[in-house]
Amino acid sequence: MNLGIEGKWALVCASSKGLGKGCAQALVAEGVNVVITARGEEALQATAAQLRAMGGGEVRAVACDITTPKGREAALAACPQVDILVNNAGGPPPGDFREWEREAWIAALDANMITPILLIKATVDAMASRGFGRIVNITSGAVKAPMAALGLSNGARSGLTGFVAGVARSAIAAQGVTINGLLPGAFDTERLRAGTTHAAQKAGQDFDTMWTRRRQAVPMQRFGTAEEFGAVCAFLCSVQAGYLTGQNVLVDGGAYPGTF
Ligand code: NAP
């Protein structure tokens, strides 16, 4: 299917690895020009080279911390116009809420709620004036099925989700701009491996036992791939998805146990 977005410009945040990279790859494959970001220069440039080798859209790489004003400014400056915005950042650490002081909460809110909101603020009106815009916020399956150890993530991402539920249905909805949440379940990335290491240590188990246990908890009996995640992201950015807004799309191999 031709998604109808060739030649558009996308800012894909936090995208040298994992799910953000999967989204950038899927968009480049559609002929979208992308700006990718990450803090680590080496992995970022390696990913940029891979994306360029695909022969799709133009690829620009900005090494920056997207959770800082300077980082957001640099990322936005590299993108001639933002037609597609994929909000993403590293997830907050797991732990016990009794041990988190104000600073931990502020860091989680900055990364997983306020940064996406500020990037939406910086881009949404220009999208609306051009009559086309796609915003995808990478959040987490924990927005629907929270896990106690991920309290920082549950709180910050639910705040973003609540904000987006309102703004997606505001005047911009009639101006061709959609905003949706994309909720990953368990995907085989560095983040999942780090989280599994933490959970294994806490449970007094080895990594492989915990990894297998987690995999078997997914009805599909496997973890998702960044490519699968990116494909859903690209569809949400497509012309065909123009009537889909204000939704939270779970991609989790059937892990969420509810009917709705
Ligand atoms: P990942 O494999 O660890 O990749 C994270 C990417 O984000 C890297 O490219 C990293 O590069 C970049 N990044 C992190 N913090 C950044 C910052 N402040 N500024 C710019 N770039 C930054 O993680 P992932 O699994 O793709 O996860 C992506 C998001 O989905 C996270 O918020 C995670 O919590 C959430 N999530 C993931 C899963 C899963 O199963 N994988 C499940 C639920 C939710 P640098 O470190 O070099 O900056």
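1. Helix H6 gives the most to the shell around the ligand, contributing three residues. Please keep in mind while reading that this is a predicted model.

2. The shell as a whole consists of 28 residues that surround the ligand, and the closest of them are Ser16, Leu19, Arg39, Ala89 and Thr189.

3. In the side chain of arginine 157, an N or O atom is 2.8 Å from a ligand oxygen, while a polar side-chain atom of arginine 191 is found 3.0 Å from an oxygen atom of the ligand. For glycine 91 the atom concerned is a polar backbone atom, with a ligand oxygen at 3.2 Å.

4. How much of the ligand does the protein bury? Taken alone, the ligand exposes 890 Å², and the protein buries 89% of that area. The elements that give two or more residues to the shell are helix H1 (18-29) and helix H6 (190-203).

5. A separate point concerns threonine 37, which belongs to strand E2 (residues 33-38). Is threonine 37 buried or exposed? Its relative accessible area is 1%, and because buried means under 20%, threonine 37 counts as buried.

6. The side chain of threonine 37 reaches the backbone nitrogen of alanine 14 at 2.9 Å. Leaving aside residues up to four places away in sequence, threonine 37 touches a set of residues that includes Ala14 itself, together with Cys13, Ser15, Leu44 and Val62. Ser16, one of the residues closest to the ligand, is also among those that threonine 37 touches.

How values were computed: Residues numbered from 1 in each chain as written. Predicted model: local features only at pLDDT ≥ 70, side-chain atom pairs only at ≥ 80, totals over all residues. Heavy atoms only, no water. Helix = DSSP H or I, 4+ residues; strand = E, 2+ residues; numbered from the N terminus. Buried < 20%, exposed > 50% of the residue type's maximum accessible area, 1.4 Å probe, protein only. Polar contact = N/O pair within 3.5 Å; in protein donor to acceptor, adjacent residues only side chain to side chain. Contact = heavy atoms within 4.5 Å. Near = heavy atom within 4 Å. Areas by Shrake-Rupley, 256 points an atom, 1.4 Å probe, with all protein chains shown as cover.
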